[in-house]
Amino acid sequence: MPHTILVTAPKLAQAGLDLLNAQGCRVLFVPAGQGAADIEQLMLSEPVDAVISRTLDLTERAIAGCPTLKVISKHGVGVSNIAVDAATARGIPVYVTPGANAQSVTEMTLALMFAAARRVNWMDRELRDGRWSRAQDGLQLSGRTLGLVGFGQVARRVARACQAIGMSVVVYDPLLPDSADLDGAERVSSLQELLPLSHVLSLHVPLTSQTRGFIGAPQLALLPRDALLINTARGEVIDEPALIAALSERHLYAAGLDTMAVEPLPADSPLLTLDNVVLTPHVGGSTPAALAAMAQGAAQNVLGYLNGTPVAPSACINPAVLNANTVNH
C-alpha cells in the first residue's frame, strides 16, 4: 500500500513532490484558507503515515487523533508550530531540514540590515510620493560591531559577510562547544556582555521556553544608542511592545524584521506606523531555491523513515524516540 503523506500547505516544491511521486505516495494538501482545525479533521479521517509540516499548527489533537501517523518532518527548522511533546509521547520522530534555507535567510538578514541602516524603505516611499527627500543620516556599518545571538549556519554566513565589509563580530551562544571555530569572531559568555558591544544585534535562535521574550526592555536598554536590531528568527523572541517603545523613543536607530510576534501582522500594529522599521512577511527562507531544498529534505526525511533507512539522527529533534524505536524493533 502506498504511503499517505500530508503536506500542511496548498503545495510543495516540485523537487520534493517528485521524490514522493517516484515512490507512489498519495499526497494530501491543505487548501489555502484552512487552518489547524482543518488539519485535525483531516488527520482524524485519513490514514496519514507522515506529515510534512509548513507554517500551520500541527496540534496535539491532530497527532493524537491519527493512529497511522509514524513520522513528521518540518519544512525548515523552526518547530514551534508542531506539538513535539505529543509526537514524542507517541514515539513519533520529528525531523527538520537544517541548512536547506540557510543561504536565503542569510541574504534576507543582510538585506534588512542594509535597508534599515540606510533608511532605504523610507526614501523609496518618499520618492514614490513625489518628494526628493535625500536622507543623509544613514549609518555606515564598516567599523561597527555585529552582535550575534546564536551561531548556527545562518549566523556564521552573516558574520563572514559583515567581516568582509569591515565589521567586527561578537557571538553569544551558550550551546556552542568550547572548541568551536569562530571564524574570526569573538565569543562572550553572556547576553548582558554582548549587548553593550552590539551596534547591530542580529538574532539567530529557535523559539523555546527559554528564548520567548528574552529580548525585552532591560536588554534593549543595554544596546548602544542608535543600534540596529535585525530579526530573521522568530518574532516571539522579542518583547514587541518594548521594541516599539525603543524605536519610538529613538533609542534604537532602526529595526529590520522578517518575523513578528503575531503573524500575519495585524493591521493596527504600531510597527506599521514607524518609519524606522523595515518589515517583510516571514519570507527569509522562501526563495524558490530554498523552498526546493526544504521540500526535498523533508521528503527525504519522511521517506527514509517510512522505508526503514532513516536519515542522519542529527536531523531529528527528538532522537530518543529513534533509539527507543530501534530497541522495540
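Before opening the model I wrote down that a residue is called buried under 20% relative accessible area, exposed over 50% and partly exposed in between, with a 1.4 Å probe and protein chains only.

**Entry 1, ground rules.** I am working with a predicted model, in which local features need pLDDT of at least 70 and side-chain atom pairs count only at pLDDT 80 or more, while totals for chains, interfaces and linings use all residues. Residues are numbered from 1 along each chain as its sequence is written, and side-chain values use heavy atoms, with hydrogens and water left out.

**Entry 2, strand β9.** I looked up which way the residues of β9 (200-203) point, and found Val200 and Ser202 on one side and Leu201 and Leu203 on the other, all of them buried. Strands here are DSSP runs of E with at least two residues, helices are runs of H or I with at least four, and both are numbered from the N terminus. Two strands pair if DSSP finds at least two bridges between them. Strand β9 runs parallel to β6 (145-149), with four bridges, and parallel to β10 (227-231), again with four bridges.

Next I traced five strands that form an open sheet with parallel pairing, in the order β2-β1-β3-β4-β5. Strands β2 (26-29) and β5 (94-95) stand at the edges with a single partner strand each, so one side of each has no neighbour in the sheet. Strand β5 is joined to β4 (71-74) by two bridges, and within this pair Ser73 stands opposite Tyr95.

I found Asp173 in the loop between β7 (168-172) and β8 (186-187). What is the nearest side chain of opposite charge to Asp173? It is Arg187, 6.0 Å away, and the buried Asp173 has no salt bridge, a term that asks for a side-chain nitrogen of Lys or Arg within 4 Å of a carboxyl oxygen of Asp or Glu. A polar atom of the Asp173 side chain does lie 2.9 Å from the backbone nitrogen of Phe151. Leaving aside residues up to four places away in sequence, Asp173 touches Gly150, Phe151 and Arg187, where contact means heavy atoms within 4.5 Å.

Helix α11 (288-306) has 19 residues and reaches 27 Å from its first C-alpha to its last, close to the 27 Å expected at 1.5 Å a residue, the expected span being 1.5 Å times one less than the number of residues. Its buried residues include Met294, Asn301 and Tyr305. Just after the helix, Gly308 takes a positive phi of about 80°.

How values were computed
Lys and Arg count as positive and Asp and Glu as negative; His and the chain ends are not counted. A polar contact is a pair of N or O atoms within 3.5 Å; within protein, one must be able to donate a hydrogen and the other to accept it, and residues adjacent in sequence count only if both atoms are side-chain atoms.
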